[in-house]
Amino acid sequence: MSLNILVLAKQVPDTRNVGKDAMTAEGTVNRAALPAIFNPEDLNALEQALRLKDKHPGSTVTVLTMGPFRAAEVIREALYRGADKGYVLSDRAFAGSDTLATSYALSCAIRNLPQLDVIVCGRQAIDGDTAQVGPQVAEKLGMAQITYAEEILSVEKGRIRVKRRIEKGIEVLEGKLPMLVTVNGSAPACRPRNARLLMKYKYARIPNELQAANEDYISLNNSREFLHIGEWNVNDIVCEPAELGLSGSPTKVKKVENVVFQAKESKTLTDNDTEIEALIQELISNHTIG
Amino acid sequence: MNNVFVYCEIEDGLIGDVSLELLTKGRTLATQLSCQLEAVAIGHKLNGIEKVLFPYGVDVVHIADDPRLAPYTTLPHSAILIKLFQQEKPQIALMGATSVGRDLGPRVSSALHSGLTADCTALEIGSHEDKKADKVYENLLYQIRPAFGGNIVATIINPDCRPQMATVREGVMKKEPIDPAYKGKVNQLNVADYVSDTDFAVSVIERHVEASKINIKSAPIIVSGGYGMGSKDGFKLLFDLAAVLGGEVGASRAAVDAGFADHARQIGQTGVTVRPKLYIACGISGQIQHIAGMQESSIIIAINNDPAAPINSVADYVITGDVETVIPKLIKYYKKNSK
Ligand SMILES: Cc1cc2nc3c(=O)[nH]c(=O)nc-3n(C[C@H](O)[C@H](O)[C@H](O)COP(=O)(O)OP(=O)(O)OC[C@H]3O[C@@H](n4cnc5c(N)ncnc54)[C@H](O)[C@@H]3O)c2cc1C
Ligand SMILES: Nc1ncnc2c1ncn2[C@@H]1O[C@H](COP(=O)(O)O)[C@@H](O)[C@H]1O
């Protein structure tokens, strides 16, 4: 049985490698100083989708991302690894979205796509670490969900079986399609770019990126359907504008502070025997140890 | 109406620590807001579970008991919460930032169109002035959490939507029963009114869950190692020191990632939060994500060969030296001076 699979992927600032210049003097994040990357767990999610496609020939893997135009990079990265088609959902109306408004916009966009069997998300995005968008999209689409997945074990006769990793062990869950699955970082890493696909999709662009390109490029892109990355804005989806962006976000950021730790007054010692023995004696006499 | 609700995680009839910690916090919030604290217990064989909950100052326990409700699956638990919250209209709803709470919370918040803040490290009550709308909100829940990989701390509020929902990791809040004789009420829910057969769309085929034998959270003394321990072998020194002091071994993420220690030992923002009587940080640089999980320890000793290691700024005692030299000496002089 061939499957219609969707991957939700996000472009995120690389918060794991935050340098000294990543914070402004006012304590806000200097996004420009952080490279934008494919959210790590979304790569794990993509791999699960591609494995399903490997097992079920004729399946399609579509990738949807919401973000600025440059998030098209995420779609290209997915195409290089074996995805079939991608869409960038981009509009100023989405600015300031919290997870609820994000999942609303994504779920509206998903209704544009043909009936899906499986939606695969990352467990969480490293810019927020919230792990909310997947389950919220599932709820908005009236779909069941399996979170913290480590492996999609099988899809057979309209049922999906998933191994998930939870704090103290593992669970195998089974449910009916369609299903939304969020994938853990402990799942297998994503396959690397495929050289042939890299050549094929190198010039894949969204219309907005093409505007800045030269004539040859545009005609090349126009003549090859597979180089078209879809671009949707708020007019391309059926939605309630009040539910989008800031107005659709129940959570507001009241205040942001830089992390500063109250430096303690500390005693400094060397590894000298006398000093270490004195420390031990002090800890014993004040009942910290002993 | 408009009370503080805590969703209780239950495994094998036992209420998870994270839920008891949230009840303790919930009690404080409810008292500040002059409202009641209510707990929701969903599962099977929950007879007498209220006796565990009342001492935390719980005024009402809502119990949904049905064989199909344990172990946890998403749809039936969320269906119950959604309907219960629609009836009871909590102002605040808290759950653990665990694989259960993070599966359930977003589903419920989406259905109720309420804001949800993940992984809070502090919860406080405060006011908010919306200058644009010229409106002042009193008694909002300040949901305080690290953001951007722990580099900033953000205060999040949900001014207009209820309940104000938040998840909190295990070990972040303190667990403290307030009164063994506290009396609350039980509200036994008729499960059929809350879930339908279609909610049992996902079934658990297999389950291997073991209570972790490692319990660093309640250890009074923690000897913690970082990447500076060099290897898994290097960690043996830490086990030796922990054994003589009667403590447990913790680790930084870099040490866990390098395979020196088990994940259950990781301390920090993405591990557990600990507040032991004594914390000995060995070969740990002290990045904020680590410090976030141990800064409330009563006494902190840092052993690092770098005199400028950030960990030193939160330490009471800084030993500048090599772990391989210092730790054996600590063991030696402890043995000599104890008893
Ligand atoms: C989103 C996010 C979440 C994170 N969550 C966590 C978390 O929960 N917990 C956590 O710990 N980290 C976490 N981190 C990672 C954190 O930022 C640091 O990378 C990590 O804590 C560093 O571990 P370390 O101090 O062991 O290693 P390093 O930073 O490599 O430090 C090693 C230290 O050992 C010292 N040293 C080396 N050799 C010796 C020797 N022979 N004797 C004495 N000292 C020596 C060095 O001087 C150095 O200070 C997180 C990061 C991100 C982005
Ligand atoms: N803007 C977005 N575009 C596409 N997918 C997203 C977006 N935001 C979140 N997701 C998906 O939802 C998951 C969880 O995100 P979060 O709730 O932000 O931690 C991510 O791993 C993605 O799969």
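Hi everyone, this is a short walk through the two ligand sites of a predicted model.

Some housekeeping: local features need pLDDT of at least 70, side-chain atom pairs count only at pLDDT 80 or more, and totals for chains, interfaces and linings use all residues. Residues are numbered from 1 along each chain as its sequence is written, chains are lettered from A and ligands numbered from 1 in the order written, and side-chain values use heavy atoms, with hydrogens and water left out.

Let's start with ligand 2. It has 20 residues around it, and the closest include D42(A) and Q132(A); a residue counts as near if one of its heavy atoms lies within 4 Å. For polar contacts (a pair of N or O atoms within 3.5 Å), a polar side-chain atom of D42(A) sits 2.4 Å from a ligand oxygen. A polar backbone atom of Q132(A) is 2.8 Å from an oxygen of ligand 2. The protein covers 97% of the 480 Å² of accessible area that ligand 2 has on its own (Shrake-Rupley, 1.4 Å probe).

Now, where does ligand 1 sit? Between chains A and B. There are 27 residues around ligand 1, and Y227(B), T270(B) and S285(B) are among the nearest. An oxygen of ligand 1 is 2.7 Å from a polar backbone atom of Y227(B), while a polar side-chain atom of T270(B) lies 2.6 Å from a nitrogen of ligand 1. A side-chain N or O atom of S285(B) is 2.6 Å from a ligand 1 oxygen. Alone, ligand 1 exposes 990 Å², and the protein buries 81% of that.

Key
A polar contact is a pair of N or O atoms within 3.5 Å; within protein, one must be able to donate a hydrogen and the other to accept it, and residues adjacent in sequence count only if both atoms are side-chain atoms.
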